[in-house]
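This report covers a helix pair, a further helix and some totals for the chain.

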Amino acid sequence: MITTAVVSDRIVGFAGGDVLDVLIIGGGIVGSGAARDAAMRGLSVGLIEQHDFASGTSSRSSRLLHGGLRYLAQGRVGLVREASLEKRIVQDIAPHLAEPLPFVFPTYRGTQWKRWKLSIGVKLYDLLCSGRNFGKSQTLSAQEVSAMLKGINADGLTGAVRYYDGFTNDARLVMDTLRSAKAHSAQLRNYTRYEDASFNGKLWECQLHDALNNQNVTVRARTVINAAGPWADRMKHSRTKLRLTKGVHLVIDRARLPMPDAVVMAQGSRILFAIPWGDRMILGTTDTDYNGPIGTPTCDEEDVRYVLEVANSVFPDAGLIGEDVIASWSGLRPLIANGQEAGTPSDTSRSHSIKMTEPGWIDVAGGKLTTYRLMAEQTVDKIVAHIGKDVSACQTAEQPLLDQTQLCGSGIIPPKVTRDQVEHYCKNEWAIHLDDVMLRRSSWAYYHKDAATIAQDVVGWMAEIRRWNQQRVEDELGRYRSALTYPGAGIPTVVRPAREAVKRDLSSQAAGL
């Protein structure tokens, strides 16, 4: 078990015990967006996350900024329009985390995905982005598709459409949004759990537990935002009802499926993607109802088999097998329950809900990564209206998250593995554990074939920076090993001793931070 100790540079509770204008529960993309928006308007903001920032759904998505072509086919034009505009806003405020990505959607005889229908759909898709999509859509012949996508299944191929969406790094988007929020005086705490809250007629008194200091804290706030993602309907005072679905993603070497563009792989009404990511290819995602532990959704053999079977049906020459999987991640979608249990997960709306269910308590649920900024803006609008405070207007669609001098390796492709990068994560981005760095700050665990060796280097550097003893190093490696969702991906099998600089006996000191 990893021990913790009082963190000398960490304020227990919030500065001066002042009343916050808003306390945000949840350090995912919606919570971080709300923190940034509220802080930029001049509100006093506190944000807590029970685990690490972005440790839930917000680091386990398909990493797409998209309107959702499938949602257009379902008639959800408003949702598509909303997301189509927001994906361009994300590129405006965070160009390092929003790259144009062309998609090729092959069409086949005897399926529901007809080329003529999709040709109309992608033109409408472009229009819904007010003519500002990342690129112009087009219709391709079967011959053009076969020339573009080497090895594609040509049996019954009728052609394809090619359209544009955006590619991002979900966890980095959270971290950079939080860094922006902090720059505007938001107070942020990971590994701090919400326990309970009571309303005294004027203020919310919230009971929190700071796991790093092992201390209970009471914080008073005028308003509370429940942005806890998959946990949102389990919060005391929450009135949200969720339908959780699991999405699994696999990472393979791009040389095994060397496609120039992302490819839409249709399986009946379901859509999976093959997404180029530097030297890698991301395959996914599944969409199945989930009733297991919220914090530890796994990628099991059946998930791997399904995704690879779909990929092999579209690219039969690839012959992908389980040994091709370098890494994987598995996340939960917190969809709003619509009471239609017979409907498939893919039929459930991705729209969001923002409701003040008690004076000053706001439940935020549903939505998607692409629309996080809009969800945050609408939520903070409710906060401002409730407390009646004279604040500035929302600026999050115009002001960049960071300027170019502040990026510090943040991007879609992981940065180089260096001690300086690890030190930046520890000192400036709230990295507490080895998995905080390997999985969320850097994506090194997902990208590199030698992630096991990298983890050994990183834990040594963190031991120097955080002054860990040998037992803490071994505990951190064990924790990291448990965090990986697919056995064999980036797992160190041998625990190397900590570096000479930290081999000395630190048993008289805290083994924490």
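In this predicted model, E82, E86, I89, V90 and I93 of helix α3 contact Y372, R373 and L374 of helix α8, where contact means heavy atoms within 4.5 Å. These contact residues comprise five nonpolar, no polar and three charged; Ala, Val, Leu, Ile, Met, Phe, Trp, Tyr, Cys and Pro count as nonpolar, Asp, Glu, Lys and Arg as charged, and the others, Gly among them, as polar. The axes of the two helices come within 8 Å and cross at roughly 95°; axes are lines fitted to C-alpha atoms over the stretch in contact, with angles from 0 to 180 degrees between N-to-C directions. α3 and α8 are therefore roughly perpendicular, a term for angles of 65 to 115 degrees.

The helices discussed are DSSP runs (H or I, at least four residues), numbered from the N terminus; strands are E runs of at least two.

| Helix | Residues |
|---|---|
| α3 | residues 77-93 |
| α8 | residues 372-387 |
| α4 | residues 115-128 |

Helix α4 has 14 residues and spans 20 Å from first to last C-alpha, close to the expected 20 Å, which is 1.5 Å times one less than the number of residues. Its buried residues (under 20% relative accessible area, 1.4 Å probe, protein chains only) are L118, S119, G121, V122, Y125, D126 and L128. Their cover includes α2, α3, β4, β5 and β6. Just after α4, S130 has a positive phi of about 55°.

The protein has 13 helices and 18 strands, and 60% of its 513 residues are buried.

Residues are numbered from 1 along each chain as its sequence is written. Local features need pLDDT of at least 70, side-chain atom pairs count only at pLDDT 80 or more, totals for chains, interfaces and linings use all residues, and side-chain values use heavy atoms, without hydrogens and water.

Terms used: Parallel < 35°, antiparallel > 145°, perpendicular 65-115°, else oblique. Buried < 20%, exposed > 50% of the residue type's maximum accessible area, 1.4 Å probe, protein only.
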